[in-house]
Amino acid sequence: MAPTLQQAYRRRWWMACTAVLENLFFSAVLLGWGSLLLMLKNEGFYSNLCPAENTTNTTQDAQFRWPSCDPQEEMLTLGFTIGSFVLSATTLPLGIFMDHFGPRPTRLVGSACFAASCTLMALASRDTKVLSPLIFLALSLNGFGGICLTFSSLTLPNMFGNLSSTVMALMIGSYASSAITFPVIKLIYNAGVSFTVIMFTWSGLACLIFLNCALNWPSEAFPAPEEANYKKKIKLTGLALDHKVTGDRFYTHVTIVGQRLSQKTPSMEGDDLYISSQDVGDTSENPREKSVPFRKSLCSPIFLWSLLTMGITQLRIIFYMAAMNKMLEYLVTGGQEHETVDLKQKAAKTVEFYSYIFGAMQLLCLLTCPLIGYIMDWRIKDCVDSPTEGIALKDASDGVATKSVRPRYRKTQKLTNAIKAFTLTNFLLVTFGITCLINNLPLQFMTFVLHTVVRGFYHSACGGLYAAVFPSNHFGTLTGLQSLISAVSALLQQPLFMAMVGPLKGDPFWVNLGLLLVSLLGFLLPSYLFYYRTRLQREHTTDWEGPLKAPGSIDL
């Protein structure tokens, strides 16, 4: 039933367009938590935790409202914490799974899990007093299904040759923009459509993703351009392969976003292109990279500093998503001790309005993801891999090898671009932390923009850094470990949230101040990269007539 790679190549535009839409509405939708939280509270999830005196007495003409309280929000936020952890932490085992089975079964499992999560939420809403605990399983399946859809779509740009960077930017941008989905669903919910109908409908749409994947996605993995040489052997109308090409380093080309955004790949749009599986075996591994032990990459200062930077950034981003509604509510009421009935009603309307604005701004990720790719790609095409290559290029251009003209090295330029990307990202993150400290409601629009831009930047910047510094056969494992450790650090947002609504009585100032101070540690990574780049430049200056280091070496 699964199509061949040749058939899939002919359908690649259909697959790409549907993948963008599927990422937008089914991948990281959990990041639009603020709007989902309002709907869950309206449906009465864990309302039994609220004191009896808070229950609103309604007449027959008035609409019944479930009671709402801080313990209820803490419990629901715990579900979001677990779901967001699954969304990030499963990247490593998921990459290993894809390495063995390819993107098709991953996408089928992801769509099935997403459909199951929506079905569970719909069923639980029918009797929230008894079935509220199902929300934990539903949110976990939602996060897992979403990351499965995202991961499988990141292999598709391999089918587009010179357009792969553009297609990859669309995939990542649609994933990052998927936080807009729940605000849109909240609008439908406010229009009078029941929560149960919405969730069952969404589950049915997820089943269409399953069907689309079963009909159009091949069982074989999309071969990455780095794993094959494109040769003119026979005249083709499509794409042909010697035999099934999977590659032992498939995960390498799935997890590294920055590598995809910055690399230049051969065109697949030519008339006479053929992928030779024999070439895959000849060129898939650089023997020098293979000789670098993984332990050396794992213990390198660059990787360790990146763990610190990414963990801090992930915690900052996830905490704001979880606590945004409470922060906005505090700006309106001024604290729990000042709350009145009128202020509570005003706060509810304000939070709902700002949640819509925050969701709409997630579409900015479609613009920011290509921007960080452009920064990581700056001047790369003018660089050489080794000094001898620079001399050869000079020879070819004017027939004379002029040694006084110093070449620009690709690895050094990639480090320069990574320094710029991380410096910009950390500067925006610190600015975001400062705006969070200011108790000004209109200023939160700027906070939303900064949050969205940082969320679109930091993963791509990290991927580009790993592509520049580490051997290619270490990419997948290092990126998976980084995602896992970042997800573990993001778990700290739950005790921070409980401290904010508990001892601090809803005041987010001290939590935001602490996170702002910790965010300053993010500048240690670009500082070390600057030191490391200076060291490389000094070595190249000393003797640049011959290659000093293997392309994959990491003498850090």
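## Burial and overall make-up

A residue counts as buried when its relative accessible area is under 20%, as exposed when that area is over 50%, and as partly exposed in between. Tyrosine 528, with a relative accessible area of 15%, is therefore buried. The model described here is predicted, and in its protein chain of 556 residues, buried residues make up 58%.

The protein chain contains 26 helices and 2 strands. When contacts in the protein chain between residues at least 6 apart in sequence are considered, 85% of them join residues at least 24 apart.

## Aromatic pairs

The count of aromatic pairs comes to 20. In one of these, the ring centres of tyrosine 320 and phenylalanine 432 lie 5.1 Å apart with their planes at 75°, and because planes over 60 degrees apart count as edge-to-face, the pair falls in that class. Tyrosine 320 belongs to helix α17 (residues 301-333) and phenylalanine 432 to helix α21 (residues 410-437), so the pair ties together parts of the chain that are 112 residues apart in sequence. Both partners fall under the cut-off for burial, since tyrosine 320 has a relative accessibility of 1% and phenylalanine 432 has a relative accessible area of 0%.

The pair formed by tyrosine 528 and tyrosine 531 has ring centres 5.7 Å apart and planes at 50°, so it is classed as tilted. These two tyrosines sit in helix α26 (residues 524-542), where they are 3 residues apart and thus separated by about one helical turn. Tyrosine 528 is buried at 15%, whereas tyrosine 531, at 45% relative accessibility, counts as partly exposed.

Ring pairs also join into a cluster, whose members are Tyr320, Phe353, Tyr354, Phe358, Phe432, Phe445 and Phe448.

## Salt bridges

The count of salt bridges comes to 6. One of them is formed by arginine 107 and glutamate 22, whose closest N and O atoms are 2.4 Å apart. This pair links distant parts of the chain, with arginine 107 in helix α6 (residues 103-124) and glutamate 22 in helix α2 (residues 12-26), 85 residues apart. Arginine 107 and glutamate 22 are both buried.

Lysine 326 takes part in a salt bridge with aspartate 70, with a distance of 2.5 Å from N to O. Because lysine 326 lies in helix α17 and aspartate 70 in helix α4 (residues 70-89), this pair ties together parts that are 256 residues apart in sequence. Lysine 326 is itself buried, as its relative accessible area is 10%.

Glutamate 329 has a relative accessible area of 22% and is partly exposed. Through salt bridges that share partners, Lys41, Asp70, Glu73, Lys326 and Glu329 are joined into one network.

Terms used:
Residues are numbered from 1 along each chain as its sequence is written. This is a predicted model: local features need pLDDT of at least 70, side-chain atom pairs count only at pLDDT 80 or more; totals for chains, interfaces and linings use all residues. Side-chain values use heavy atoms; hydrogens and water are left out. Rings of Phe, Tyr and Trp (its six-membered ring) pair if their centres lie within 6.5 Å; planes under 30 degrees apart count as stacked, over 60 as edge-to-face and the rest as tilted. Helices (H or I, at least four residues) and strands (E, at least two) are DSSP runs, numbered from the N terminus. Buried means under 20% relative accessible area, exposed over 50%, partly exposed in between (1.4 Å probe, protein chains only). Contact means heavy atoms within 4.5 Å. A salt bridge is a side-chain nitrogen of Lys or Arg within 4 Å of a carboxyl oxygen of Asp or Glu.
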